[in-house]
Amino acid sequence: MSIKPAADLLIELHKALRALIPSRQDLHGILQDSDVRNCQSREQLVTFCVKAAQSLSLLESEARAESTVAWIHLAQSRSAGGGGGDDDQEESPDQFLVTSLLYLLFKSELCAKDKEDFYFSSIWVPELARVGPTIARTAFEKQYGCLFDPSTAPATRQWLKSITRANGTDKLNTQIQIKKAWISDIVLRDKNAGNMTLPEIFYLDQILLQSIRMAVRMAVAGSALGIYACQAAGQSTDVLEHDLEPLSELDVRRTTLVKAMGERFKDEATYENDVAESVVGLARCWQPSNNLDAANEELLRSKTRRVLAADDSVVELLDGRMKASFIELLTLLSPPLVSTTTAPAEMRSGRSTDVAAAAAAAVSSSSGNSMSRKGAFLSRATSLFRSKGMTLFASDLALAAWNALRVIEVAILLYYDAIMEPSLRAG
């Protein structure tokens, strides 16, 4: 086998390593491309691979470097004639050379990604946290006027004045009242409460707000259909509080129902029929004989039509349950807001995965010190929605609640002192 293709790969590895330290021109000469081009044997090429791997191990994080150092020891052992392990005889020298080069190229890409993550977490995130609120407020003032002008953002101020706040309420409890009003008045506003002008402070959140409402509407209707399917199958509705195993028959049926409910572009008759078929399939999933009698099936189809028309008592019940759950999540169960000046822990690549580190991470997470706030919230939200009998849509609802929390928290961060607190005081 010609060693030229392998030599080209090694030169590519040299370029990748130099790109990791572009300003250190004094170190670029350690790896000489000319030596690789003049290489006459596979053994020489492996020697230069080891040299490149040694340079890579010095640039990697300690945890990442462990596997690179292990490869160096393997390559040196093979070169010394000691073999490399149980599978050594199954891999030819040419195969070892090529797969090693591809592996080292992959490791160099990981190192580059780690470098990008470091710059983002250590430089860009703190800078965005520092100047981001000012940029957002400036953009708002260009659109609506000075934040401290009482005539600015009239819809926002009118909404805030309608919020009841007890005398002497501290800032934390005031923010809780704002979150409750955000859910009750805006996100999940009662259809009988009439239309409301969206407060200006949410002018950038309209699309996200629509997606939250759409997720909730689909979950309410879908959960009601799930209850009726469960009853038609002769099952206790307690099964709707159990975990939904991925790729199980129930999960597949749920996915089919969600798909059918999302196809609103169809004509009304086709749409109702497709959703009804999905609900019947869901009921059959719970029916031990995998079959429903004609009377039960027709009754289920009739209830499906009423649910889709929002003319159903279970839908009304779930609407109220949904609003209460969202308020509970945003005001009682949401983990405390942690520092926004550092990146999430998940972004710190190349960390050690030993038992001690894993245990420390678990303790950190359970004590609330972890940066995985979103994960903690989603876990709590999913459990809450399951306990309310909404297992089929628990994960979708958890994400919708998380988005609702983030919108109102950003609004409080940006506008509490300038608009919210004065308006509440005036109300």
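Predicted model: local features only at pLDDT ≥ 70, side-chain atom pairs only at ≥ 80, totals over all residues.
**Entry 1: Valine 187**

I then looked up its place in the fold and found valine 187 in helix α8. Is valine 187 buried or exposed? Its relative accessible area is 3%, and the limit for a buried residue is under 20%, so I recorded valine 187 as buried.

**Entry 2: The largest pocket**

Which element gives the most? I found that α9 does, with seven residues. For the volume of the pocket I noted about 840 Å³. I sorted the lining by class and recorded 15 nonpolar, nine charged and two polar residues.

**Entry 3: The largest cavity**

In general, a probe the size of a water molecule, rolled over the atoms, shows where empty space is left. How many cavities of 30 Å³ or more does the structure hold? I recorded one. The volume of the largest cavity is about 40 Å³. I listed its lining as His14, Ile30, Leu31, Gln32, Asp35, Phe48, Lys51 and Ala52. By class, this lining divides into four nonpolar, two polar and two charged residues. Helix α4 (residues 42-59) gives the most to the lining, with three residues.

**Entry 4: Salt bridges**

I searched the whole structure for salt bridges and recorded 22. I then looked at several in detail.

In one of them, the side chains of arginine 42 and aspartate 94 meet, with an N to O distance of 2.6 Å. Arginine 42 belongs to helix α4 and aspartate 94 to helix α6 (residues 93-144), so the pair ties together parts that are 52 residues apart in sequence. I looked up the accessibility of both partners: arginine 42 has a relative accessible area of 26% and is partly exposed, and aspartate 94, at 21%, also counts as partly exposed.

Another salt bridge joins arginine 64 and aspartate 114, and their closest N and O atoms are 2.8 Å apart. This pair also links distant parts of the chain, with arginine 64 in helix α5 (residues 62-79) and aspartate 114 in helix α6, 50 residues apart. Which side of the 20% limit does each partner fall on? Arginine 64, at 21% relative accessibility, counts as partly exposed, whereas aspartate 114, at 14%, is buried.

I also noted the salt bridge between arginine 305 and glutamate 298, where the N to O distance is 3.6 Å. Arginine 305 counts as partly exposed at 36% relative accessibility, and glutamate 298 counts as partly exposed at 43%.

Which residues are linked in a network of salt bridges? I recorded Lys179, Arg373, Arg406 and Glu409.

**Entry 5: Threonine 382**

I then moved to helix α15 (residues 373-387), where threonine 382 lies. Leaving out neighbours within four places in sequence, I found threonine 382 in contact with Ala394, Ser395 and Ala398. Threonine 382 has a relative accessibility of 13%, so I counted this residue as buried.

**Entry 6: The whole chain**

How many helices and strands does the protein chain have? I recorded 16 helices and zero strands. Of the 427 residues in the chain, 40% are buried. Among contacts between residues at least 6 apart in sequence, 73% join residues at least 24 apart. The accessible surface of the protein chain comes to about 23000 Å², and carbon and sulfur atoms account for 54% of it.

Methods: Residues numbered from 1 in each chain as written. Heavy atoms only, no water. Helix = DSSP H or I, 4+ residues; strand = E, 2+ residues; numbered from the N terminus. Buried < 20%, exposed > 50% of the residue type's maximum accessible area, 1.4 Å probe, protein only. Contact = heavy atoms within 4.5 Å. Areas by Shrake-Rupley, 256 points an atom, 1.4 Å probe, with all protein chains shown as cover. 1 Å grid on protein atoms, 1.4 Å probe; cavity = no way out; pocket = protein on both sides within 12 Å on 5 of 7 lines; lining within 4 Å. Points joined across faces, edges and corners; volume = space filled by probe spheres on them. Nonpolar A, V, L, I, M, F, W, Y, C, P; charged D, E, K, R; others polar. Salt bridge = Lys/Arg side-chain N within 4 Å of Asp/Glu carboxyl O.
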